[in-house]
Amino acid sequence: MSKFDEIVMPSSLARIGSNAFEGCTGLTEVNIPYGVTSIGSGAFRDCKNLSTVIIADSVTHIWNSAFSNCTRLTNIIIPDSVVWLDSSAFYKCKSLQSITLPTGITQVSSTLFQDCESLTSVTFGANITLIMRRAFADTNLTKIHFNGTMAQWEAIE
């Protein structure tokens, strides 16, 4: 499957299944169309040349390891429609520098951004109530932006 360099997904697509494009090392950009609601476990895992992901605002769930080990991923905008980012969804995305979490996210799953060694900036919405263990382990975070009150920040577990 590594010979794919482009995927055109139909507008009728509702879900990207587990491991659907795993290891497609030729992919550099993915545009997930409106209508897709879920990106399955490992769907784009090990797509080592994937640098840009555009996600339509119909997606609500990104499952575990969906983009893990996409080592050249630098540009991803996660729309506010996303309410669940499962563990390790962006594990070892070594080129990712900053991320803004959708406002509907209430918890940051374990190992979500672990080993994203270029990650220096994260922005949280006011609805975050839990940051699980190792969510940002082995990153280089220097800037944390929180779009809530001090009382909300202090209540995060």
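The model is predicted, with local features needing pLDDT of at least 70, side-chain atom pairs counting only at pLDDT 80 or more, and totals for chains, interfaces and linings using all residues. Residues are numbered from 1 along each chain as its sequence is written, and side-chain values use heavy atoms, leaving out hydrogens and water.

Q: Which strands form the open sheet, and in what order?
A: Strands of a sheet pair through backbone hydrogen bonds, either parallel or antiparallel. Here the order is β2-β4-β6, with parallel pairing; two strands pair if DSSP finds at least two bridges between them. The edge strands, β2 and β6 (75–77), each pair on one side only.

Q: How many bridges join β2 and β4, and how many join β4 and β6?
A: β2 and β4 (residues 52–55) share four, while β4 and β6 share three. Thr 52 stands opposite Asn 75 in β6.

Q: Which residues of β2 lie on the covered face, and which on the uncovered one?
A: In a regular strand the side chains alternate between the two faces of the sheet. In β2 (residues 29–32), Val 30 and Ile 32 are on the covered face, Glu 29 and Asn 31 on the uncovered one.

Q: What is the phi of Lys 92 and of Arg 134?
A: Most residues other than glycine have a negative phi. Lys 92 has a positive phi of about 60 degrees, and Arg 134 also has a positive phi of about 60 degrees. Lys 92 is in the loop between β7 (84–85) and β8 (98–100); Arg 134 is in the loop between β11 (130–131) and β12 (143–147).

Notes: Buried < 20%, exposed > 50% of the residue type's maximum accessible area, 1.4 Å probe, protein only. Helix = DSSP H or I, 4+ residues; strand = E, 2+ residues; numbered from the N terminus.
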